[in-house]
Amino acid sequence: MSAATRRLTTAQALVRFLSAQYTERDGVRRRLIAGTWGVFGHGNVAGIGQALVEYADVMPYHQGRNEQAMVHAAVGYARQLNRLSAQAVTTSIGPGATNLVTGAALATVNRLPVLLLPGDYFASRVADPLLQQLEHPVEADVSVNDTLRPVSRYFDRVTRPEALIPSALGAVRVLADPAETGAVTLALPQDVQAEAYDWPEEFFAERVWSVRRPAPDPAELAAAVTAVRAARRPLVVAGGGIHHSEAEEALKAFVDATGIPVASTQAGKGSLRHDHPADLGGIGHTGTAVSDELARTADLVIGVGTRYTDFTTASGTLFQNPDVRFLNLNITGFDAHKLAARTLVCDARSGLELLTEALAGHRVEEPYAAEYRAGKERWEQVVETAYRAQDDTAVPTQTQVLGALDAVVGDEDVVINAAGSLPGDLHKLWRSRSPRQYHLEYGYSCMGYEIPAALGVQQAAPGTPVWALVGDGTYLMNPTEIVTAVQENLPVKLVLVQNHGYASIGGLSESVGAERFGTAYRHRAGDGTFTGAPLPVDLAANAASLGMDVLRAKTVRELRDALAEARASSRPTCVYIETDPAPTAPPAEAWWDVPVAEVSAREAATRARARYDTEVAERRRHL
């Protein structure tokens, strides 16, 4: 007797297969692919598009406006759910597919799962070249989708229906694996999408992918315990892996038992509540004074779930103790071995729990604990000063905007940002009250991430107030998913800060001798430079034209009222504020390496190079 089969198109089979995939961790089961975003064109409308109509009862569809933005929304969704559930994104061939590349890079850099399903050229080559095809003179099997290979953790082109079976299984294996996950791409030739095949029924059976919590190797654990016990000035660097592993309580237990303080990366902020006595806030170039002071003198740096970007290490200049050593707890050996560290290759929660147990009775000396507590108190005064407005009727500075928001949000709110000058201010100043509140995409720092990501977070956490914080430069990059928020009645809150240009890069440009060239949104002056009047754009009117409710605020008091009204609203709402450009954020407490012109006829660049040579001399290679 032959095995049971079901005759479906390749696209129909893929949708049915995806609808039956689940993850399970700690006894909790979730849909692996909870929905599909899509923009349709000739490369996917008759395949995946038709399949989504056919199986709308088992695969929710979300209509996007921009392909990159759809990936950002899916990434926001996956991050909010600690990588245990994800979304797919389908596009046509050509520009729809290549628009995925930035979003795919963001997902893979941040170790977040998203499934990409771009259309591709005819596998049969009967229509060749077709609309939007890029012809390669010596590699006929290359398509524009090959641009997704270097930014994907798994890539396959499904050129025959039966090839989907191993390809789909490989794709979901990577998506569900916490050590492997990122963007996964299945390129789907449009003729193959619509081709019928007799599929084995087993292909559509429910599958549960166990999300492992690997424990550390006993020998590695013993060596780690020895290292911690020997350290006089240990410091934890908390990365995003703590959140992904839901290890916040395990970290708290470790800190409460040992007294070891915690400094956080952008992805790891919120691992401890801001008011925990051992929480020192951000670390590195955008870190707090107390974190960076302790980092310079630490003799053991315990990295948990971090990949040590240049912002975290201050481009190799932060950890200055001659005897400093590193102990890295990470689920991937690739990240665990950075900085020539001792390693605990394991799940963050499992590793912290076992490390805490093995260190029973060990605690840092009281003078060290008193030192970091005093530093934390001093920094709290810095935060208060930056947040406080002396005059409620004045135009707020950017840090006062954050202070007004801090006064309005609840513990459950989620605050999203990715680029511009806001990430630095937030990392230094924001008081994280819950593990999911602080949502900074700073692995790729992608302008335009915030608004679509807010949609994904709102889908993952209905009923939660979700805030997207953007400047005018970021807003102009990618506002289109406002329309989707309105269509789906997702009550995201947009805080739109107008400062007439790229404030962050303007400051960086000045510091490296590039004289703020090309960073202001202004008319050309008579000499041809962009130094004329500010451009007469009305971004609030633009947001309103896309369907958002818009609240304009001109003063600190009006801003507080507008934020409170937005938080209470059940509709997508924008709070628009023009800020006072006066700098009120505390300066950087650590360096960041942006190379400066070695020779120049301009004085600004010459001065910047002299400063650069002084700073770069402090760099260390930790071997």
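Strands, like helices, are DSSP runs, a strand having at least two residues, and they are numbered from the N terminus; in this sense Val-89 belongs to strand S6, which covers residues 86–91. The model is predicted, and the protein contains 24 helices and 23 strands. Its radius of gyration is 25 Å, close to the 25 Å that the globule rule gives for 623 residues, so the protein is as compact as a globular protein of that length.

**Overall fold**

- The C-alpha trace of the protein, taken along its principal axes, spans about 80 × 70 × 55 Å.
- Of the 623 residues in the protein, 57% are buried, and the accessible surface comes to about 24,500 Å², of which carbon and sulfur atoms hold 53%.
- When contacts with a separation of 6 or more are considered, residues 24 or more positions apart account for 76% of them.

- Leaving aside residues up to four places away in sequence, Val-89 touches Trp-37, Met-70, Val-71, Ala-74, Leu-100, Val-114, Leu-115, Leu-116 and Leu-117.
- Arg-65 is 24 residues from Val-89 along the chain, and the C-alpha atoms of these two residues are separated by 12 Å.

**Thr-397 in a loop**

- Thr-397 is placed in the loop that runs between helix H15 (366–387) and helix H16 (398–408).
- With a relative accessible area of 4%, again under the 20% limit, Thr-397 is also counted as buried.
- Once residues up to four places away in sequence are set aside, the residues that Thr-397 touches are Thr-579, Asp-580, Ala-582 and Thr-584.

**Cavities**

- Rolling a probe the size of a water molecule over the atoms shows where empty space is left.
- The count for this model comes to 3 cavities of 30 Å³ or more, and the largest cavity has a volume of about 170 Å³.
- The largest cavity is lined by 19 residues, of which Lys-269, Asp-279, Gly-281, Glu-380 and Trp-430 are the closest to its centre.
- Strand S14 (279–282), H15 and helix H17 (422–429) each contribute at least two residues to the lining of the largest cavity, and H15 provides the largest share, with 4 residues.
- By residue class, the lining of the largest cavity consists of 7 nonpolar, 6 polar and 6 charged residues.
- The second largest cavity has a volume of about 60 Å³, and its lining is made up of Arg-25, Asn-82, Arg-83, Leu-84, Leu-175, Ala-176, Asp-177, Pro-178, Thr-181, Val-211 and His-244.
- The lining residues of the second largest cavity divide into 5 nonpolar, 3 polar and 3 charged.

**Second largest pocket**

- The second largest pocket holds about 190 Å³ of space, and among the 13 residues that line this pocket, Val-324, Arg-325, Phe-326, Ala-340 and Leu-623 are the closest to its centre.
- The lining of the second largest pocket comprises 8 nonpolar residues, 1 polar residue and 4 charged residues.

Note on methods:
Residues numbered from 1 in each chain as written. Predicted model: local features only at pLDDT ≥ 70, side-chain atom pairs only at ≥ 80, totals over all residues. Heavy atoms only, no water. 1 Å grid on protein atoms, 1.4 Å probe; cavity = no way out; pocket = protein on both sides within 12 Å on 5 of 7 lines; lining within 4 Å. Points joined across faces, edges and corners; volume = space filled by probe spheres on them. Nonpolar A, V, L, I, M, F, W, Y, C, P; charged D, E, K, R; others polar. Rg over C-alpha atoms; globule rule 2.2 N^0.38 Å. Buried < 20%, exposed > 50% of the residue type's maximum accessible area, 1.4 Å probe, protein only. Contact = heavy atoms within 4.5 Å. Areas by Shrake-Rupley, 256 points an atom, 1.4 Å probe, with all protein chains shown as cover.
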